[in-house]
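User: I'm new to this one and would like to walk through it with you. Could you put it up first?
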Amino acid sequence: MKVPRVKSITEEKFIEEHIVSNKPVIVTDAMENWDLEKFKPEYIKKEFGHHKVQVYNDLFDLQTIQPLEKYIDANFFRSEKEGLSKQYMRWYTKLKEVDFYWSDKAFDSLKNFWSQPYFVPSTSLAVPSTKGSDSKSITEYNYPYKGLFISGKGSRTRLHKDPFMSNAVLCQFYGQKHFYLYGPDKQKNVMNNGDFVDVKNPDLNKFPSFSDITHDYEDVLSPGEIILFPSGWFHDVTCVSDSISITWNFVHAKQLETLCNHIKNNPEDDQLEILKYFIKGEVSDTASAEEIISYFRKKFAASEMTA
Ligand SMILES: O=C(O)CCC(=O)C(=O)O
Ligand SMILES: [Fe+2]
């Protein structure tokens with residue numbers, strides 16, 4: 001089945017029918033005024049080629065740090081003889097309080113060439129935290145896993161779900177991506193002991209009940225399209241051609257119970273360090289899982305009373 005494609009969806013409808021109802025959607029008219037020329041490989045290479053970037057395998061294992069131009073030269077515009085790319089460039093903005101090869105400067109110089117998609121909420125967020133009527137526009141602020149994804153034809157992000165029950169938004173600027181989506185109800189079929197099945201080459205000894213199910217959606221994302229991977233949905237993404245995308249994650253206030261349950265059930269989750277970075281100033285760096293939960297409950301109980 002293909003993911004429903006919509007236009008002119010209001011933010012309220014997006015929140016109710018996709019964030020709260022936890023259903024994927026592709027919005028096809030939110031990038032129309034963006035300057036897509038600035039997100040083509042030629043421009044990106046010219047402007048940012050000398051920056052060192054993060055190169056991964058088909059999961060999230062960092063393979064190497066190298067200049068972006070080196071990645072593009074080796075992985076884009078490959079001939080048939082050279083074959084498919086196996087390396088994936090995920091260049092994230094700052095995710096924690098350490099010096100690293102972050103993409104903050106690159107995002108800063110791209111910020112006038114795109115904008116907050118009109119339907120994606122930038123207020124009433126639990127992560128990154130917003131207060132009162134504060135708005136955090138994606139072009140101005142860092143979000144968890146805000147990244148520029150540059151990936152040669154054939155490179156892939158194997159099946160996974162995103163951290164701490166966050167939603168991901170993926171904007172496709174250049175090239176196409178094929179993907180499979182499995183709903184959260186398929187967790188027992190696609191996961192075993194923290195590992196995810198390789199949906200294209202499943203090990204049925206390790207994931208025997210994978211053969212009982214099929215994906216919920218299979219589709220191709222094209223330039224100008226924005227997809228929501230909702231909280232807890234498993235996604236497997238392969239570049240059908242050389243590709244450039246931007247992605248980020250967030251948790252809306254209306255998903256607070258899901259978030260708090262996740263923290264309660266996974267107090268040792270190493271991703272909580274990243275979550276804490278995006279509520280910094282409001283909880284201490286050393287806050288326990290319980291303290292994070294109580295911070296969220298208080299914060300949103302108070303804002304409901306003043307609403
Ligand atoms: O585009 C990809 O390769 C993966 C995207 C993804 O996993 C995400 O946006 O959460
Ligand atoms: Fe993801």
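**The nonpolar core**

Analyst: Keeping in mind that this is a predicted model, the largest nonpolar core has 42 residues, and those with the most contacts inside it are Leu68, Leu148, Ile150, Phe173 and Trp248.

User: What is tryptophan 248 in contact with, leaving aside its neighbours within four places in sequence?
Analyst: With those neighbours set aside, tryptophan 248 is in contact with a list of residues including Trp114, Pro117, Val120, Ile138, Tyr143 and Tyr145. Tyr145 also belongs to a second, separate core of 31 residues, which includes Ile263, Leu275 and Ala289 as well.

User: OK, on to the metal. Which residues coordinate the iron ion (ligand 2)?
Analyst: The iron ion (ligand 2) is coordinated by His160 and His235, each through NE2, and by Asp162 through OD, at 2.1 Å. Along the sequence these donor residues follow the spacing H-x1-D-x72-H, and the two histidines link distant parts of the chain, with histidine 160 in strand E8 and histidine 235 in strand E15, 75 residues apart.

User: Are those two histidines buried or exposed?
Analyst: Histidine 160 is buried, and histidine 235 is buried too.

User: And ligand 1, what surrounds it?
Analyst: Among the residues around ligand 1 are Tyr88, Phe149, His160, Asp162, Lys177, His235 and Thr247.

User: How much of ligand 1 does the protein cover?
Analyst: Of the 290 Å² of accessible area that ligand 1 has on its own, the protein covers 97%.

Conventions
Residues are numbered from 1 along each chain as its sequence is written. Chains are lettered from A and ligands numbered from 1 in the order in which they are written. This is a predicted model: local features need pLDDT of at least 70, side-chain atom pairs count only at pLDDT 80 or more; totals for chains, interfaces and linings use all residues. Side-chain values use heavy atoms; hydrogens and water are left out. Donors are N, O and S atoms within 2.8 Å of the metal (3.2 Å for Na, K and Ca); water is not among the atoms, so sites may look incomplete. Helices (H or I, at least four residues) and strands (E, at least two) are DSSP runs, numbered from the N terminus. Buried means under 20% relative accessible area, exposed over 50%, partly exposed in between (1.4 Å probe, protein chains only). A nonpolar core is a set of buried Ala, Val, Leu, Ile, Met, Phe, Trp, Tyr and Cys residues joined through side-chain atoms within 4.5 Å. Contact means heavy atoms within 4.5 Å. A residue is near a molecule or strand if one of its heavy atoms lies within 4 Å of it. Accessible areas come from the Shrake-Rupley method with a 1.4 Å probe; for residues, only the protein chains shown count as cover.
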